[in-house]
Amino acid sequence: MALVDKINDDLKTAMLSKEKGALRAIRAIKAALLLMKTESSDKNIASEDEIRMIQKLVKQRKESIEIYQKQNRDDLAKLEIEELLVIEKYLPRQMSVEEVIAEIASIIKETGATSISDLGRVMPIAMKKLSGKSDGKTISEIVKQLLA
């Protein structure tokens, strides 16, 4: 089932069950999908682009939660957390930290990287290989730790 179809079905379900958090999150995804379609000359959106878009929405929610919590606005943070939980359901299974460490260790071994100065050789390969399976911030932190 295409993501657009799944979003439309889930939107109807959320409307019927009157889940406000789910409605906000699904509408945000739908709006982002529509924006992607209008920006692109191609009518079909690649699944990789859809995943990247959903990852972007997840990242935005996480950043907002962090800001709201710093400002002691737990009411707004709670709304963002509700949306985050719904949006994350549309991502493929995320790799555990241990799996990411193992994968990055093998990339480091393949490239022959030995120090932090080799970060530029490792990061592009790691980002390409782990795209959609882990967020960029986690990948970057682990690469830096392993090369340090």
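Me: Leaving aside its neighbours within four places in sequence, which residues is isoleucine 7 in contact with?
Reply: First, this is a predicted model, where local features need pLDDT of at least 70, side-chain atom pairs count only at pLDDT 80 or more, and totals for chains, interfaces and linings use all residues. Residues are numbered from 1 along each chain as its sequence is written, and side-chain values use heavy atoms, with hydrogens and water left out. Contact means heavy atoms within 4.5 Å. By that rule, isoleucine 7 is in contact with Ile26, Ile29, Lys30, Leu33 and Tyr90.

Me: OK, and is isoleucine 7 buried or exposed?
Reply: You'll find isoleucine 7 in helix α1 (helices are DSSP runs of H or I, at least four residues, numbered from the N terminus). Buried means under 20% relative accessible area, exposed over 50% and partly exposed in between, with a 1.4 Å probe and protein chains only. Isoleucine 7 has 1% relative accessibility, so it counts as buried.

Me: How are α1 and α2 oriented to each other?
Reply: Two packed helices are described by the angle between their axes and the distance between the axes. Here the angle is about 150° and the axes are 9 Å apart; axes are lines fitted to C-alpha atoms over the stretch in contact, and angles run from 0 to 180 degrees between N-to-C directions. Under 35 degrees counts as roughly parallel, over 145 as roughly antiparallel, 65 to 115 as roughly perpendicular and the rest as oblique. The pair α1 and α2 is therefore roughly antiparallel.

Me: How many nonpolar residues are in the contact of α1 with α2?
Reply: Leu3, Ile7 and Leu11 are among the α1 residues making this contact, and α2 brings Leu23, Ile26 and Ile29, among others. Ala, Val, Leu, Ile, Met, Phe, Trp, Tyr, Cys and Pro count as nonpolar, Asp, Glu, Lys and Arg as charged, and the others, Gly among them, as polar. Besides one polar and three charged residues, the nonpolar ones number 11.

Me: What about α2 and α3: at what angle do they pack?
Reply: Their contact brings Ala28, Ile29, Ala32, Leu33 and Met36 of α2 up against Asp49, Glu50, Met53, Leu57 and Arg61 of α3. By class, that is seven nonpolar, no polar and three charged residues. With axes 11 Å apart, α2 (residues 20-39) and α3 (residues 47-70) pack at an angle of about 135°.

Me: Is arginine 61 buried or exposed?
Reply: Arginine 61 sits in α3. Neighbours within four places in sequence aside, it is in contact with Ala28, Glu80, Glu83, Leu84 and Ile87. Its relative accessibility is 9%, so arginine 61 counts as buried.

Me: How far apart are the C-alpha atoms of serine 96 and serine 134?
Reply: Serine 96 lies in the loop between α4 and α5 (97-111), and at 28% relative accessibility it counts as partly exposed. Along the chain, serine 96 and serine 134 are 38 residues apart, while their C-alpha atoms are separated by 8.2 Å.

Key
Helices (H or I, at least four residues) and strands (E, at least two) are DSSP runs, numbered from the N terminus.
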